[in-house]
Structures are given as C-alpha cells and as structure tokens.
Amino acid sequence: MAINTKKAGLLCPVFSVPGNQGIGDFGKKTERMIDIIRENGYSIWQILPIQFTGDTNSPYQTLSSFAGDPIYINLDKLAEMGLLKQSSIKNCNKFSNYVNYQEVRQFKEEYFVRAFKVFKKEFKSFSEDFEIFKSNAFWLEDWSLFYLFRTLHNGLPWNEWDEEYREYTKDKEALDLSEYEDELFYFQFLQFIFYKQLDDIVLYAHSVGLEIMGDVPFYVNHDSADVWTHRQDFLLDEDGNAKFVAGCPPDYFNSEGQRWGMPIYNFKAQRQDGFTFWCKRIQWIRRYFDVIRIDHFRAMDTYWKIPVTSFTAKDGIWTIAPGKELLQKIIETNPGVKLVADDLGMIRKEVKELEEQFGIPGMIVLLFHLETKTLKTEIPESNVLYTGTHDNQTANQVYSELDNNKKTTLRRFFKKLYNERDFSSLLCRYALDSNARLVILPIWDICGLKKEARINQPGIVNKNNWTWKLKDFKTFPAKVEKTKAWIQESNR
C-alpha cells in the first residue's frame, strides 16, 4: 500500500463508540464520531472486526468470516425504515463505560423480532434490495443453515451436532427443513439489515473524506460456518475435529506462549483450488473497507502448529506457509487492494521480504521501544506507527508501572521536544512527528486513559476483554480536538 503523503489515523472499535443502546453501533452517534475524527485532521478510522462473535465476544473468534454481528444494528434506523415505531424504542445502558454483550443482545432481539414481522408484511417495498443483497452475499445460505443448526443444538459447536446436521453439506436430502423457513428468512433478514446499515456508515465516512481500515484475522474459529462448509481447507479428522491448532510460542506478550485453538489450514488443498477461501474473504471485506490489515501476518511465512492433544503452546513447531503464492493470488483476484501487515512478535527476515515484495507496510508499536536509544532512531517511512494496539496496555498504564529511574529518563527525553504533561500526549506527539507515512493513535491514548480502557489481554479470557466504551460525547471530543494542532504541525 503506497502512501505518498503523511497521514494520521485513529483507532477505535465500533463497540467503543458512544451509543444509546448499550454498544457503539451503526447509528447517528457513529456518524457524529466520524465527523469528530475527520474534522480534527485524521484520514483513516481503524476498527476491529465486526463479524458475529462467539461466546468470548472476541472479534478475532467469530462464527463466520462474512456474517456481521447483529449487535451493531441500530434500532433508530430500523424506525427510519418503517420497521419499528420510534416511540417504542427505549435506551439500554446509555451512559455505561462497558458493554454487557448478553444484556444488549437480549434487549435488541425483541426489537429485531418485531421489525422482522413488519418486514415480512411490507416485503414488496424491500424485495428488490433484499434480492440484490442475496445475490451478492454468496455465503448467506450457508451461514443461515449453520446458525439454525447451531441454535437447534443449543449452541454446541458443529462437530458435536447430530450426524445429519453435521454432514448436511454432503447430503442435503437427509433433512426436511420446510418447518424452519421462517427462521432461515429471519437470519437472512438480520444480515440484510446489518449490511444495509454498514453501507450507510461507509458512504457517510467517504462523503466527509474518511477512509476505514478493517482487520482480517489470519485464522478462523473451528466453530464457524467457514470450517463447517469448507472442511477440505483445514486439517481436520474424519469427524471434523481439529488435528492441530494455532497459537504462538512464548514472546514478550506472554511468557507461556498462546494456544488460540483455531484449526490450522490445509494449505495443500487450498493451493489446488487457488486459495479460493482466502480470496473470497478479502473480496467481501474489501467491499466495505478501504485498507485491510492482516492480523498475525507473520503466519504468511511460518506459523506455529500445535498438536490438538497438547495443552500448552510450548509444544508447537514452526511450519512453512505458502505466503508468496497466497499473496499473489489475493492481489491478482483483488487488484488495487490496500493491505497492512500486523507483523509484531519475533519474526524472520523472510516476513519483511514478503512485505517488500508486495509493497505491504508492517507495524511498529512505540510501547515496545521505550528506550531512549531506540527512540532516537528514525522510524522507516514504510511502516505504520502506533503508540499501542488493542492487545496491549494503554500508554499511561505502561508509564505508571515503570520504575522511577525509567520514568525520569523518558521524561527528560520527551521534555526536550514537547511541553505536554501527560505521558500519552508526549508519545502521541512523538509518533505524529516521526517519518512514518501513516501514524495510528488509539482513542484511549488520545484521551490519556489508564487500565480502565484496556481493550484486551491476549491469551486470557476474562469478563473485561472487548468491553470498554466511551460513555458519551461530553469530554473526549476536546481530547481529539487537541490533537488537531499536532497533526497540522507534523504536516499530516
């Protein structure tokens, strides 16, 4: 992705945007957020994946690479479509700093069911748009069946379903699904609404000159419509169980390594069909996002392969991936696609060679380089520079946990450059003044927040991951506005 001018971007998950209905969604408040981002000099808004999450609520562990999460559907916009009465819509946790996913899902589901009844009654007025969506959403039928079958089995993963459901893709005559036509239509309705509202948000962002960056996780969940319908693309046994799972060895994120549990790709089979699954994933997300960041890009070169029988990530082995062939096919089938590589961690030189060959910028995170010697080193233009990401502590949290000597050393370094008192402000200004063509500032560092705003702790499932959100628009817009002058002074 060639960036010829210096730009600034802002990282904020959709779920972290203020919202009346318990979570940031595709409503007017997100349009207001877009205005704030753009008016203050940012060219790119980076979000996290918005596909249908599983039990962990992690946007990197989803039930599909394609199906959107209905939790982001805005109820007021359903009223604008005539599917709900505006007077009937209540608020849910309007001023909360955290998302309660279960509560929000239950709250919105009642409205979705009501809206669906009206949708069916008034279908003539929606049928043309709905049929166009269905013709484009090549994954929709498989998703609807997957979610229906998962619901009928009380949320069990697909490899634990009754055989006729588990093997339905091989023998579609084994089940009579006529009694479930309404449920299947409902699941398709939710996807139609989700993508209609997402279209509106993307169009609004583009109308004010803001691009959106979205993520494609390298791996997909075993319990997903992807694996259920494309088993040949993964290393599974005859019962659909994973033979190997993904993860990473011990590193500076986690001394024990991480065992993620996603199945490993069958790259031999994928090579034979031209990496169709990958190309379609990129093709679909590219409809909505101007820049695509490939999460865990280093696996394009080598990936950590853990036997499913091992309960520790330490037992894995590095395995060569067909990254060159895969990237060639992605770019060939998606000409002009703009990619960014999440290449954090201990990587081989071959990863950087792949990035250089295909013109894909990698990442640098300043929180991993808080040594004055390193900070004095020029940042390469081609890298995307972050103060921090969704996977690590906020800048002020990191600073608060340093010993006094380290704090003094960093203060002396930055005070020669800037007059800001807050450490996260110092780090943001330093990033913007770097040579990096693209600098991404997380909203929590712009706001100077500490541990209360941490998005995720990698390798740990806890109730706080993926839940932090901005409460309202009273205070943070002024923090974002303060960065406008910094962006202008850095010629971005």
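Gln51, Thr62, Ser65, Pro217 and Arg281 sit nearest the centre of the largest cavity, among the 16 residues that line it. A cavity here is a set of points on a 1 Å grid, over the protein atoms alone, where a 1.4 Å probe fits but cannot get out, and lining residues have an atom within 4 Å of a point. This is a predicted model, so local features need pLDDT of at least 70 and side-chain atom pairs pLDDT 80 or more, while totals for chains, interfaces and linings use all residues. Numbering starts from 1 along each chain as its sequence is written, and side-chain values use heavy atoms, with hydrogens and water left out.

That largest cavity holds about 140 Å³, a volume being the space filled by probe spheres set on grid points joined across faces, edges and corners. The whole structure has four cavities of 30 Å³ or more. Strand 3 (211-217) and helix 10 (276-286) each put at least two residues into the lining of the largest one, and strand 3 gives the most, with three. Helices (H or I, at least four residues) and strands (E, at least two) are DSSP runs, numbered from the N terminus.

Now for the open spaces. A pocket is an open set of points with protein on both sides within 12 Å along at least five of seven lines. The largest pocket has a volume of about 880 Å³; of its 38 lining residues, Gln258, Trp260, Asp391, Pro458 and Gly459 are closest to the centre. Strand 5 (258-263) supplies at least two lining residues, as does strand 6 (291-295), and the largest share, five residues, is from strand 5.

The second largest pocket comes in at about 480 Å³. Phe52, Arg105, Gln106, Glu109 and Tyr147 lie nearest its centre, out of 22 lining residues. Helix 3, helix 5 (140-152) and helix 7 (181-207) each give two or more residues to this lining, with helix 3 taking the largest share at eight.

Helix 3 (residues 101-121) also packs against helix 4 (residues 123-136), at an angle of about 95° and with axes 6 Å apart. The axes are lines fitted to C-alpha atoms over the stretch in contact, and angles run from 0 to 180 degrees between N-to-C directions. The two helices are therefore roughly perpendicular, a label covering 65 to 115 degrees. Phe119, Lys120 and Lys121 of helix 3 meet Phe123, Phe126 and Phe130 of helix 4, where contact means heavy atoms within 4.5 Å.

Terms used. Angles under 35 degrees count as roughly parallel, over 145 as roughly antiparallel, 65 to 115 as roughly perpendicular and the rest as oblique.
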